Amino acid sequence: NNKFPAPGTEDNPTVVTVTGGGLNIPNNINIGNYVITVENGDINFNGSNHTFNNVVLIANNGNINLSQVQATNLSVFASRSINMNNQASFAGSTLLASGSTNGSINFNGATTSTNGEDNLRVVSQGRITFNAASDSRGSFESGSDFTFNNNSTLYGSIAAKGNITFNNGANVIYTDIA
């Protein structure tokens, strides 16, 4: 927290650009109202206790590992892949987008609820693997294959240009995500 400039506001977030390498976010970082761009490298959340509110993360030439982020109104744009572990939680409006046909999004977290307050949108030019830790609400759009690997329920929609595979008692209940 001491390395970043003061946070902005919801309507006017502070913009931070990282050049010359990636960004490693240590334990216990709580930030809000930022746009963080890494020009060349990965963004890695190390450890735990990360709380992000109204934050945009951009890896122009890299991957993003969200670890166990607790996020509200988060937007994540990676030129390659996006990963997280099963403690990751998303509330409000969240967008996860991967731009490479060779990249992927491994969705292991969950939305904090399955009601209309939480709107998750996941878009990948490559694969999407859905391993949600619990029931989630959102739309998933893959330029390649989509694989649903557990027995949680997705309230939302799935679209894929490749194969859609359901494993382990997966459930989908169509809900229009606005």
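Predicted model: local features only at pLDDT ≥ 70, side-chain atom pairs only at ≥ 80, totals over all residues.
Okay, hi everyone. Let's start with the rings. A pair of aromatic rings is described by how far apart the centres are and by the angle of the planes. How many aromatic pairs does the structure hold? There are 10.

Here's one of them: Phe45 with Phe52, a tilted pair. The centres are 5.1 Å apart, with 50 degrees between the planes. And are these two buried or exposed? Phe45 has a relative accessible area of 2%, and Phe52 comes out at 2% as well. Buried means under 20%, so Phe45 counts as buried and so does Phe52.

Next up, Phe146 and Phe148. Their rings form an edge-to-face pair, 6.5 Å centre to centre, and the planes make an angle of 65 degrees. Both of these residues are buried too.

Now, Phe146 and Phe148 also belong to a cluster linked by ring pairs.

Strand β11, residues 104-107, runs parallel to strand β14, residues 127-130, and the two pair over four bridges. Across that pairing, Phe107 stands opposite Phe130 in β14. Then β14 also pairs with strand β16, residues 146-148, again in the parallel sense, over three bridges. Which residue in β16 is the bridge partner of Phe130? That's Phe148.

Key. Residues numbered from 1 in each chain as written. Heavy atoms only, no water. Phe/Tyr/Trp six-rings, centres within 6.5 Å; stacked < 30°, edge-to-face > 60°. Buried < 20%, exposed > 50% of the residue type's maximum accessible area, 1.4 Å probe, protein only. Pairing = 2+ DSSP bridges.
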